[in-house]
Amino acid sequence: MSHQPQRILVTGGAGFIGSNFVHFWRQSYPGSRVLVLDALTYAGNRASLRAAESDPDFRFVHGDIRDYDLVSSLLRQERIDTLIHFAAESHVDRSIHGPDEFLDTNIIGTHVLLKAAKAVWLDDGPCPHRFHHVSTDEVYGTLTPDAPPFSEGHRYAPNSPYAASKAASDHLVRAYHETYGLEVTTSNCSNNYGPYQFPEKLIPLVIGNILDGRPLPIYGDGLQIRDWLYVDDHNRGIDLVLRQGRPGETYNIGGNNEWTNIEIVRLICRLVDEKFAGSDFGGKAMRKRFPRAPQCSGAKAESLITHVKDRLGHDRRYAVNAGRISAEVGYAPLESFETGIRKTLDWYLANEEWWRSVMDGSYRKWVELNYA
Ligand code: NAD
Ligand code: TYD
């Protein structure tokens, strides 16, 4: 059963994956109506949507997904037929320090969206629609080193408050399909990386810290394993599921690309060292721009690696079996890790203003309060 999205609402479209989704969508389907609803929390940045703002087919709405009246009126007024739900509190470390916001946004917020979608798309008179819920592989918990990757039937066993709140929202999405017939799909994706990722997450944090000569904090032994996927590959997967996925179904999305944290950090260190040594961004220019980087005093980036106390409840390994999405809708990632990580580093080097400005705000204050 295929679906043809015409007028989409993207919740959390000023965040990392949501803003990349908006750019991907506008390039893929020029002329289609794109509405973003975002509360602009510390993780949301309108600057990430700058390229879309002057397009008359694009509209940004500053608002909260928990506002039922706002959400239902947007669905009606804008005749939205497809909702892609990215908005969430998304950082595991923050969920450990303060879980309440995670429950409010991720569980209650998702439920408000479902209620509004049901009211407008089913109760007002059935009309073609799709509700896509963007979720995470973290709902499955952790894997032992030799266990097979998570498939869709894997038992839910979330270990952090973040993962538990996402798991609860997945169940609500499923229930609205089973109970009311709302046409929903869910994707559970592995760790994303790419442009516009807030520098609290491992890859952009490491890039920024090297350039500013700050320690690279490795939680515990650094041998935890994650499966990394370039953000556009995630968004292509969502697009395929929206159009060709089966309502009520869930799809795992992953990169078949498992790395330990310490390997990732060492790789980024090597790539940044090359930038300081090489000519493509100009080693001399790099030294002028980033005088606190260790390379400026003859040291390597790896000298900044610092093992710190492990994260509470830290999952040891995630890995995703993307067999269903590839068999049913023909999904395969396009970006190799080698090319994706280089692209990402180049993006952060070319967009220093973006990451410095997002870090000037409440994130810094939060870090100071919690990690002083
Ligand atoms: P993010 O933290 O970068 O962005 C979240 C966005 O949601 C921000 O723009 C924020 O302002 C907005 N938001 C938060 N609360 C809101 C509210 N109450 N109302 C409206 N907007 C609100 O997150 P991300 O990394 O882009 O993740 C997007 C989605 O993808 C999340 O649902 C996350 O669980 C899921 N996911 C992320 C990853 C990853 O590696 N980042 C992997 C798999 C799944
Ligand atoms: P993160 O980017 O926070 O994503 P997630 O917790 O959703 O997987 O972290 C990725 C991995 O890197 C995770 O195992 C925790 C680890 N990590 C560190 O070792 N140091 C850090 O400073 C951060 C932010 C993460």
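This is a predicted model: local features need pLDDT of at least 70, side-chain atom pairs count only at pLDDT 80 or more; totals for chains, interfaces and linings use all residues.
I'll start with the ligand. The shell around ligand 1 holds 29 residues, and those that come nearest are Ile-17, Asp-38, Ser-90, Tyr-162 and Lys-166. By class, the shell residues divide into 13 nonpolar, 12 polar and 4 charged.

Next, the polar contacts, each to an oxygen atom of the ligand. For Asp-38, a polar side-chain atom sits 2.6 Å from an oxygen atom of ligand 1. In the case of Lys-166, an N or O atom of the side chain is 2.6 Å from an oxygen atom of ligand 1. Phe-16 makes its contact through the backbone: an N or O atom there lies 3.0 Å from a ligand oxygen. As for burial, ligand 1 taken alone exposes 840 Å², and the protein buries 97% of that area.

Which elements give two or more residues to this shell? They are helix H1 (16-28), strand S5 (130-136), helix H5 (161-180) and strand S7 (191-193). S5 gives the most, with 3 residues.

Now the cavities. How many of 30 Å³ or more does a search of the whole structure find? The search returns 1. The largest cavity contains about 50 Å³ of space. Its lining consists of Val-92, Glu-138, Ser-160, Arg-226, Arg-311, Gly-313, His-314, Asp-315 and Tyr-318. Split by class, that lining has 2 nonpolar, 3 polar and 4 charged residues.

To recap: ligand 1 has 97% of its area buried by the protein, and the search gives 1 cavity at the 30 Å³ cut-off.

Terms used
Residues are numbered from 1 along each chain as its sequence is written. Chains are lettered from A and ligands numbered from 1 in the order in which they are written. Side-chain values use heavy atoms; hydrogens and water are left out. A residue is near a molecule or strand if one of its heavy atoms lies within 4 Å of it. A polar contact is a pair of N or O atoms within 3.5 Å; within protein, one must be able to donate a hydrogen and the other to accept it, and residues adjacent in sequence count only if both atoms are side-chain atoms. Accessible areas come from the Shrake-Rupley method with a 1.4 Å probe; for residues, only the protein chains shown count as cover. Helices (H or I, at least four residues) and strands (E, at least two) are DSSP runs, numbered from the N terminus. Ala, Val, Leu, Ile, Met, Phe, Trp, Tyr, Cys and Pro count as nonpolar, Asp, Glu, Lys and Arg as charged, and the others, Gly among them, as polar. On a 1 Å grid over the protein atoms alone, a cavity is a set of points where a 1.4 Å probe fits but cannot get out, and a pocket is an open set with protein on both sides within 12 Å along at least five of seven lines; lining residues have an atom within 4 Å of a point. Grid points are joined across faces, edges and corners, and a volume is the space filled by probe spheres set on the points.
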